[in-house]
Number of protein chains: 2
Amino acid sequence: MDIKHLHYFVTVCDQLSYSKAAQKLHISQPSLSNAIKNLEQEVGSPLLERNTRKMELTDAGKILYQKSLVLLSQMNILKKEMEEVKLTGSGDLIIGIIESVKHWIPKVIRGYQGRFPSINIKLIEVLSGKAVKESLRKYHTHLLITNQFIDEEDIESFPLYDERLMLVLHKDHPLAEKESVRLKDLASEPFIISTEGFQTREDILTAFSFELVNPQIKFEIERFETALTLVRENLGVTIIPENYLSGSTDASLVRKTIDSPALERTVYLAYMKNRYLAPAVQAFLEEVRGKFPSKT
Amino acid sequence: MDIKHLHYFVTVCDQLSYSKAAQKLHISQPSLSNAIKNLEQEVGSPLLERNTRKMELTDAGKILYQKSLVLLSQMNILKKEMEEVKLTGSGDLIIGIIESVKHWIPKVIRGYQGRFPSINIKLIEVLSGKAVKESLRKYHTHLLITNQFIDEEDIESFPLYDERLMLVLHKDHPLAEKESVRLKDLASEPFIISTEGFQTREDILTAFSFELVNPQIKFEIERFETALTLVRENLGVTIIPENYLSGSTDASLVRKTIDSPALERTVYLAYMKNRYLAPAVQAFLEEVRGKFPSKT
DNA sequence: CCTCATTTATAGCTTCAAGCTATCAATTTA
DNA sequence: TAAATTGATAGCTTGAAGCTATAAATGAGG
């Protein structure tokens with residue numbers, strides 16, 4: 001009982017003629033004749049009462065016709081949907097990000113949504129360490145924007161841009177005057193840092209530990225905006241990605257570069273190397289690459 | 001995109017292994033491998049991420065899996081239903097009857113329902129003349145019980161039993177005394193007869209016209225029971241099939257045979273000769289034949 | 001680190017279903 | 001009665017779908 005045969009059968013029922021149906025189906029009339037005969041054999045009862053002039057459906061034929069119509073339409077829907085899926089993947093595009101992308105990714109998404117309006121984009125803050133690779137391999141994310149360089153056989157990882165983590169202080173803060181600030185100068189300052197799990201937190205703590213300094217963590221925040229608010233009140237100092245500050249012009253804040261190589265990091269775009277990427281995923285990938293051509 | 005291939009695909013997804021799936025499907029592993037590859041080509045995107053150790057569904061695979069499950073289950077339902085239809089026809093058994101069968105057909109139906117409990121039996125009072133043949137040919141009825149002998153190429157018609165139409169009067173009626181009654185004796189009697197469309201009405205009127213008598217039709221009824229009620233009140237006389245009276249023993253009623261060959265009729269069972277009869281129809285046919293073995 | 005076992009992919013062969021053309025048979029129409 | 005139309009049958013051809021044998025990949029275990 002093949003879908004194709006049901007299609008043949010339905011066409012014959014619609015046309016009430018083998019010859020006409022055969023024409024519609026682009027097969028010869030004898031082939032169609034045979035196909036229906038086989039279908040009847042398979043079903044176990046006649047479907048059409050026919051002679052050279054008249055054609056009528058039997059009881060069994062009527063029932064099969066009804067059911068077949070439903071099944072065929074659903075088969076068509078399935079095909080259409082798979083056609084759609086071929087272009088858009090599952091309809092979801094899941095991207096793992098670090099926090100500092102927030103200043104540029106909205107623009108990319110805006111451009112992308114024009115081309116793939118039906119795609120539902122999910123941004124996930126990918127946690128540190130092994131979770132990054134896991135999220136790609138286990139299909140949790142399609143693409144990853146991370147500051148970890150991933151050196152794995154199956155994962156392609158290329159640099160997008162470099163960014164520094166910069167010190168931010170209140171303009172009235174004593175260190176604001178100094179020419180250059182080093183990490184050890186911050187040892188006794190009330191420090192504002194991202195909560196556990198954010199990559200920036202790890203980067204900063206790593207930088208401190210390189211210089212054997214133990215910062216005084218006073219505040220743990222989830223959004224950089226919150227950190228800046230605290231700094232505006234001169235409640236402490238913080239270190240955040242430079243890109244995050246590029247837009248804001250706030251007279252009460254002072255930015256300082258800190259001379260620590262660990263506070264310079266490269267942001268990478270990563271994805272599974274040998275896995276098929278749906279065009280919708282591919283397109284986003286290229287949109288991002290186009291935004292940062294210098295490094296590629 | 002064949003149902004069979006979807007079945008293959010779903011089985012692989014369930015087993016997460018080609019070899020195991022191939023075993024379940026009773027085909028070789030390479031055949032299955034090929035089938036899936038072709039399916040992927042047809043869909044246009046990979047469905048399974050696979051190497052010799054691991055197997056995972058892609059986004060497209062997940063979606064096709066879900067949809068295929070639905071489609072396959074519906075295909076199974078369709079097959080089951082056609083299986084059912086093969087045994088029971090359309091699920092309906094439509095029988096055209098004349099009124100006088102009412103005294104014996106319930107017994108046949110009772111026996112039949114035991115064997116085919118899922119069959120829905122419809123009894124239709126078939127109208128006179130050409131409508132009888134039409135109802136068979138146009139699939140309105142599967143079987144026909146009629147007092148017309150049908151002499152047509154495509155219709156099989158065999159006699160079940162003979163029955164007389166008998167006069168019924170009130171015991172106080174003057175004619176109740178007489179040895180024999182003839183139709184002309186009824187010319188001035190208030191006559192009770194079936195309404196237009198019933199075969200018995202036609203038979204009776206034909207009998208009258210043979211003897212050039214014009215009965216005084218006072219009452220037209222739809223059920224013989226109603227006619228008998230009227231006779232019990234001595235409001236008129238009627239002629240009804242002898243079989244209909246066989247059960248009733250009513251002291252106030254008198255039965256009389258009328259000497260008119262036109263009032264003797266044969267009841268036939270008729271059906272389409274060359275048309276496939278579902279076993280459920282066949283079975284009913286034989287049940288009826290078994291009830292009236294003398295004539296067959 | 002090197003087998004062994006397991007699993008999927010590839011290559012090449014075979015077979016049968018599903019198509020084709022040609023033609024017959026039945027039946028309506030002119 | 002001839003022509004036209006339509007479905008059925010016969011016989012041929014081809015390609016999809018199966019098979020076996022074998023290669024390639026990889027994880028497990030000594």
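Predicted model: local features only at pLDDT ≥ 70, side-chain atom pairs only at ≥ 80, totals over all residues.
User: Which residues form one aromatic cluster?
Analyst: Residues are numbered from 1 along each chain as its sequence is written, while chains are lettered from A and ligands numbered from 1 in the order in which they are written. Rings of Phe, Tyr and Trp (its six-membered ring) pair if their centres lie within 6.5 Å, and planes under 30 degrees apart count as stacked, over 60 as edge-to-face and the rest as tilted. One aromatic cluster is made by Trp104(A), Tyr161(A) and Phe292(A).

User: What is the angle between the planes of Tyr112(B) and Phe284(B)?
Analyst: Over all chains, the structure holds 16 aromatic pairs. Tyr112(B) and Phe284(B) make an edge-to-face one, 5.0 Å centre to centre, with an angle between the planes of 80 degrees.

User: How many residues apart in sequence are the parts that Tyr112(B) and Phe284(B) tie together?
Analyst: Tyr112(B) comes out at 0% relative accessibility, and Phe284(B) has a relative accessible area of 0%. Helices here are DSSP runs of H or I with at least four residues, strands are runs of E with at least two, and both are numbered from the N terminus. Tyr112(B) belongs to α5 (105-115) of chain B and Phe284(B) to α10 (279-291) of chain B, so the parts tied together are apart in sequence by 172 residues.

User: Is the pair of Phe191(B) and Phe208(B) stacked or edge-to-face?
Analyst: Phe191(B) sits in strand β7 (190-194) and Phe208(B) in helix α7 (199-210) of chain B, 17 residues apart. Phe191(B) is buried at 0%, as is Phe208(B) at 1%. The ring centres are 5.3 Å apart and the planes stand at 90 degrees, so the pair is edge-to-face.

User: Which element gives the most to the surface near DNA strand D?
Analyst: A residue is near a strand if one of its heavy atoms lies within 4 Å of it, and 22 residues surround DNA strand D, including Ser19(A), Tyr8(B) and Ser28(B). Of the atoms of DNA strand D that come within 4 Å of the protein, sugar and phosphate account for 67%. At least two residues each come from α2 (18-25) and α3 (29-43) of chain A and from α1 (3-15) and α3 (29-43) of chain B. With four residues, the one that gives the most is α3(A).

User: How far is a phosphate oxygen of DNA strand D from an N or O atom in the side chain of Ser31(B)?
Analyst: A polar contact is a pair of N or O atoms within 3.5 Å; within protein, one must be able to donate a hydrogen and the other to accept it, and residues adjacent in sequence count only if both atoms are side-chain atoms. The side chain of Ser33(A) has an N or O atom 2.5 Å from a phosphate oxygen of DNA strand D, and a backbone N or O atom of Ser28(B) also lies 2.5 Å from a phosphate oxygen. For the side chain of Ser31(B), the distance is 2.7 Å.

User: How far is a polar side-chain atom of Ser19(B) from a phosphate oxygen of DNA strand C?
Analyst: Among the 22 residues around DNA strand C, Ser19(B) is one of those that come nearest. For Ser19(B), the value is 2.3 Å.

User: Which residues does Ser68(B) touch, not counting residues up to four places away in sequence?
Analyst: Ser68(B) is in helix α4 (59-88) of chain B, and it counts as buried at 0% relative accessibility. Taking contact as heavy atoms within 4.5 Å, Ser68(B) touches Leu6(B) and Val10(B).

Notes:
Heavy atoms only, no water. Buried < 20%, exposed > 50% of the residue type's maximum accessible area, 1.4 Å probe, protein only.
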